[in-house]
Amino acid sequence: MLPSARFLICLSLLLPLAAVAGDGEASPDAERLDAERLETLLYQDCGSCHGMTLRGGLGPALPRDRMQALSPKALTHIIRHGIPGTAMPGWEALLSEAEARWIADHLQTDNRLTSLDD
Ligand code: HEC
């Protein structure tokens, strides 16, 4: 039980780093992400449905521990393409792949809401 939990934690820490490095090579724009703009978008625009503190509203709460259950790739996909058939919209028009990945990483590592148990 314990080793596999540790393995998952390692994976969740390493994968986003690998992804960021990869994006940097693939797209020159990845280096110039405007973190402040992306953070504002997350807590205000996403927050209009998920709550300004991400504790949930029309959309479910997005705490760090819950976000870590998804792979960075899956999370980026949800952000870019939304969840068809639900109120979760796709953000493709506003967010590049690298920007969506930044938000996915932020949700998993820097998210102001660590857990709903806080
Ligand atoms: C118009 C309302 C709305 C906005 C704006 C919105 N979402 Fe959502 N989101 C939803 C709803 C509703 C769901 C749940 C869909 C379902 O029933 O599975 C959801 C689901 C999600 C999920 C999956 C959660 C899980 O636990 O499975 C993630 C991640 C997510 N949204 C992130 C974002 C991010 C990041 C943004 C901003 C870029 C955003 N959302 C903006 C309504 C919204």
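Select His50 and you'll find it buried, with a relative accessible area of 10% (buried is under 20%, exposed over 50%, partly exposed in between; 1.4 Å probe, protein chains only). Before going on: this is a predicted model, where local features need pLDDT of at least 70, side-chain atom pairs count only at pLDDT 80 or more, and totals for chains, interfaces and linings use all residues. Residues are numbered from 1 along each chain as its sequence is written, and side-chain values use heavy atoms, with hydrogens and water left out.

His50 sits in helix H2 (residues 35–50) and Met88 in the loop between helix H4 (72–81) and helix H5 (97–109), so the pair ties together parts 38 residues apart in sequence (helices are DSSP runs of H or I, at least four residues, numbered from the N terminus).

**Out to the shell**

Next, pick everything around the ligand: 21 residues, the closest being Cys46, Cys49, His50, Arg66 and Met88 (near means a heavy atom within 4 Å). H2 gives the largest share of this shell, five residues. Finish on Arg66, where a side-chain N or O atom is 2.5 Å from an oxygen atom of the ligand.

How values were computed
Helix = DSSP H or I, 4+ residues; strand = E, 2+ residues; numbered from the N terminus. Polar contact = N/O pair within 3.5 Å; in protein donor to acceptor, adjacent residues only side chain to side chain.
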